[in-house]
Amino acid sequence: MTAAKNPIDFLWFIPTAGDGIYLGSNELTRAPDHRYLREIASAVDRLGYSGVLLPTGVACEESFVTAAALATHTESLKFLVAIRPGTASPAYYARLATALDRVSDGRLLLNIVVGGSPSELAGDGIFLPHDERYDHAEEFFTVWEDLLSKGQADLNGKHIRAKNARLGFRPTQWPRPPLYFGGSSDAAIEFAAGRVDKYLTWGEPPAQAKEKIDAVRAAAARKGRELSFGIRLHFIVRETDEEAWAAADRLISRLSDETIRETQARFATESDSVGQRRMAALHNGRRDKLEVSPNLWAGVGLVRAGAGTALVGSPETVAARLREYQQIGIETVIGSGYPHLEEAYRIAELLFPKLGLGKAAKNENERSEFGDSAVFAGGGHSGGFRAASGS
Ligand SMILES: Cc1cc2nc3c(=O)[nH]c(=O)nc-3n(C[C@H](O)[C@H](O)[C@H](O)COP(=O)(O)O)c2cc1C
């Protein structure tokens with residue numbers, strides 16, 4: 001397959017709530033300690049990913065602090081950091097975002113997370129019903145944007161009051177860093193249309209994702225705006241399709257039916273997120289019908305909240321599936337895989353060449369010794385050997 005005419009903007013995920021080899025098992029898990037997260041960030045920075053997503057939630061290491069620490073260990077990686085209106089004032093978030101944009105030399109992207117779990121939100125002091133949370137977010141970002149662009153804001157809103165709010169420094173990316181956002185309800189789509197730069201969807205089948213993208217596009221057009229689009233997907237890529245499907249089976253091989261039942265019941269009662277409901281409806285808690293469209297596997301969502309689908313297959317297969325998403329308007333992919341360090345390498349080594357990314361994009365050779373071939377002889381002290389000509 002030839003390299004893309006329009007290369008995909010490919011980000012990775014920093015697992016700030018922990019990592020593992022098997023879903024739904026306490027064997028071979030990894031804590032999200034800072035040195036591990038640093039290993040992932042420096043690997044993906046070197047491998048040619050354009051950025052990383054840092055989630056927010058009670059189970060996650062705090063996203064701004066983590067991104068600030070990782071920024072000092074990376075060179076060109078961007079940080080898509082979750083910002084949750086309501087957990088702090090817009091003036092405080094304006095200072096946080098500006099400082100992070102400045103210390104990272106303009107590498108900050110923000111992911112607006114309005115939130116989909118009333119019980120978790122209550123812990124942060126937010127008691128608003130679903131749609132009103134978007135009205136609150138609208139007021140929040142009015143103040144936040146005024147501060148970043150003008151250094152000053154005033155608002156006497158229904159949810160937010162700010163009197164003579166001030167900001168001392170401009171962000172490096174002035175008037176503001178790019179705003180990304182995911183949410184599938186009608187209120188979310190209206191909010192996105194008027195406010196954000198990039199709309200993100202979890203990995204729904206292309207036809208369903210297209211419906212949503214068309215709805216967002218139409219809502220934005222009514223407000224005289226244009227958005228770009230991205231998708232959040234897991235990846236299980238191996239050299240052959242058969243190996244990839246075996247790896248998918250292995251990932252959930254220690255997940256019990258009881259754990260699936262308990263987890264799905266918890267999501268159904270604790271979440272009021274339309275996006276989460278759409279994810280759950282793909283598999284309905286059943287492990288026997290997980291390929292929900294060609295090569296799109298819903299096994300992750302049996303136990304993980306949020307992004308619940310993976311593209312599974314050989315590099316050629318998965319690249320072709322990504323092209324289908326590109327055709328419906330998706331430019332950005334936020335990938336992940338278990339465990340996140342090893343899978344970041346696998347995606348960069350197997351899939352990136354098919355997408356014209358990473359080393360393929362920079363036209364770098366795997367090995368650069370004078371006259372040597374690219375045959376790897378095990379890395380012993382006597383070096384490599386020449387491959388027969390034409391091989
Ligand atoms: C790519 C993506 C990333 C998200 N990241 C988070 C997150 O880090 N924390 C969280 O609580 N919700 C996250 N969400 C959920 C949404 O922010 C949103 O709050 C939720 O889906 C409720 O919206 P809805 O009912 O309008 O669909 C994410 C959604 C998407 C699509």
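User: In β10, which residue is the bridge partner of Y180?

Analyst: The bridge partner of Y180 in β10 is K198. Before going on, please note that this is a predicted model, in which local features need pLDDT of at least 70, side-chain atom pairs count only at pLDDT 80 or more, and totals for chains, interfaces and linings use all residues. Residues are numbered from 1 along each chain as its sequence is written, and side-chain values use heavy atoms, leaving out hydrogens and water.

User: In which hand does the chain cross from β9 to β10, and what makes it so?

Analyst: The chain passes from β9 through helix α6 (residues 186-195) to β10, and this β-α-β crossover is right-handed. That name applies if, with the strands pointing away from the viewer, the path from the first strand over the helix to the second runs clockwise. On its way from β10 to strand β11 the chain goes through helix α7 (residues 206-222), and this crossover is right-handed too. Strands β10 and β11 (residues 228-237) run parallel and are joined by 5 bridges.

User: Why is H234 called buried?

Analyst: Buried means under 20% relative accessible area, whereas exposed means over 50% and partly exposed lies in between (1.4 Å probe, protein chains only). H234, which lies in strand β11, has a relative accessibility of 2%, so it counts as buried.

User: What makes the link between H234 and S336 a polar contact?

Analyst: A polar contact is a pair of N or O atoms within 3.5 Å; within protein, one must be able to donate a hydrogen and the other to accept it, and residues adjacent in sequence count only if both atoms are side-chain atoms. The side chains of H234 and S336 are joined at 2.8 Å, so the distance falls within the limit.

User: How do you know which residues surround the ligand, and how many are there?

Analyst: A residue is near a molecule if one of its heavy atoms lies within 4 Å of it. There are 22 such residues around the ligand, and the closest are G115, H130, Y134, S185 and V274. An oxygen atom of the ligand lies 2.7 Å from a polar side-chain atom of H130, and a ligand oxygen is 2.8 Å from a polar backbone atom of V274.

User: Is S185 buried or exposed, and why?

Analyst: S185 is buried, because its relative accessible area is 7%. This residue sits in the loop between β9 and α6. Leaving aside neighbours within four places in sequence, S185 is in contact (heavy atoms within 4.5 Å) with H130, Y134 and V274.

User: What makes a group of residues a nonpolar core, and which residues touch the most other members of the largest one?

Analyst: A nonpolar core is a set of buried Ala, Val, Leu, Ile, Met, Phe, Trp, Tyr and Cys residues joined through side-chain atoms within 4.5 Å. In the largest core, of 82 residues, F10, Y49, W144, F181, F235 and L322 touch the most other members. Its largest share, 8 residues, comes from helix α5 (residues 130-150). Another core, of 20 residues, lies apart from it and includes L23, A244, I260 and M279. In soluble globular proteins, nonpolar side chains tend to be buried together.

Conventions: Pairing = 2+ DSSP bridges. Helix = DSSP H or I, 4+ residues; strand = E, 2+ residues; numbered from the N terminus.
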